[in-house]
Amino acid sequence: MGKKIGILGGGQLARMSAYQAYKLGFEIAILEKKYNSPAGMLTKNDFEGWVEDEEQLLKFAGDCDVITLENEFIDSAYLKKLEDIGKVVIPSSKTISKIQDKFIQKSVFSKAGLQVPKFIELGESHSYEEVAEQLGERFVIKSRKFGYDGYGNALVSDEVTYKNGIEKLSDRHAFLMAEEFIDFTEELAIMVVKTQNEIKTYPLVKTIQKNHICHTVIASANIDIKLQKEAEEIAGRALSAIDGFGLYGIEFFRKKDDTLLINEIAPRPHNTGHYTIEGCKTSQFENHIRAVLNLPLGYTSLNKQFAVMVNLLGKRTGSGVPQNYNEVLKYDDAHFHIYGKAEDKKGRKMGHVTLVGDDLDELIEKANKIENEIDL
């Protein structure tokens, strides 16, 4: 029998990872706060509970050969507890301790000589004027932990927005940081995967945000080779700085002079890598499973000239099942992924659609048309 991979978290990333584990002949165990999560519904090894419940955590871990996670919001102390009982955890507690807190993450990267936006730690005594003096009149306040999809960020331009931002984000996490506002030309991202024996990168992609949520990802075989190589070199150095093994998504700001600044890193499958399921020879999810088990990595090149992925964001409150499958499944060249979430909410990631081909404009137009038509 193949090895059993435990995943902490049962959302869509765990679900899509589970598909690839089963394809390769491995078993999956899921620990999530409720039974029958999107990933939990795929396995009989579905554990209800969370990392604070030591008895349930150890019960889950005892059933696994190796453990990985769906997001970086799990305190590294819980991962260390698993390592202390002899479990292999990827990414490790050491890695998570270096990146979970965004202030520490930026400090680690800066110390390693990697370019990041200017940043400072925010204390109770800081005034808008003091921060603006260091970062400029416009800057961003961020929760140091638990921020994603724009949650945990506040754009500041004056004293009023500064006070409002502090008040809003303090409810999310007690510790804050401030970061300079970057006037970027575009946002880019790259997936990188590393084992004890090798490291591979996927194509550098362009990402387009909608209400602070990744909406469209465009992968191109025609990307500037110099920029691709630079992103690959940065990715390798970033993983070395955090002792990182496994799969990582790295987001960049591209400045007018083509400088790439690291925005942030995620130690897991990433929204900007969903296109790889159909767009690349080996998807991010399969290479995630391979890396967790320290197996040889698959090819990361594109199958066609372009791949376009559009997130299907919730438009209503209600069932998480599309109400018009008959209409949207008529697009025979579209690859649909519906995440199996029981409840739909406006702006929630309910699925995605990917198209691959050689005509970029046509792919973008069709993907957006599908997104507009689907009733989710």
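User: What makes β4 and β5 a pair, and in which direction do they run?

Analyst: The model is predicted; local features need pLDDT of at least 70, side-chain atom pairs count only at pLDDT 80 or more, and totals for chains, interfaces and linings use all residues. Residues are numbered from 1 along each chain as its sequence is written, and side-chain values use heavy atoms, without hydrogens and water. Strands are DSSP runs of E with at least two residues, helices are runs of H or I with at least four, and both are numbered from the N terminus. Two strands pair if DSSP finds at least two bridges between them. β4 (residues 66-69) and β5 are joined by 2 bridges, so they count as a pair, and they run parallel. In this pair, isoleucine 67 stands opposite valine 89 in β5.

User: Why are β3 and β5 called edge strands?

Analyst: The open sheet of 5 strands has the order β3-β2-β1-β4-β5, with parallel pairing. Its edge strands are β3 (46-48) and β5 (88-89), and each pairs on one side only.

User: How do you know that β6 and β9 pair, and which sheet holds them?

Analyst: β6 and β9 (residues 176-180) are joined by 4 bridges and run antiparallel. Phenylalanine 119 stands opposite glutamate 179 in β9. The sheet is open, has 4 strands in the order β6-β9-β7-β8, and its pairing is antiparallel. Here β6 (119-122) and β8 (153-156) are the edge strands.

User: Why is the contact of glutamate 54 with lysine 81 called a salt bridge?

Analyst: A salt bridge needs a side-chain nitrogen of Lys or Arg within 4 Å of a carboxyl oxygen of Asp or Glu. For glutamate 54 and lysine 81 the closest N and O atoms are 3.9 Å apart, so the pair meets the cut-off. Glutamate 54 is in helix α2 (residues 54-62) and lysine 81 in helix α3 (residues 76-84), 27 residues apart. The whole structure has 24 salt bridges.

User: What makes the bond between isoleucine 90 and proline 91 cis or trans?

Analyst: Omega is about 0° there, and the bond is cis. Most peptide bonds are trans. Proline 91 lies in the loop between β5 and α4 (93-99).
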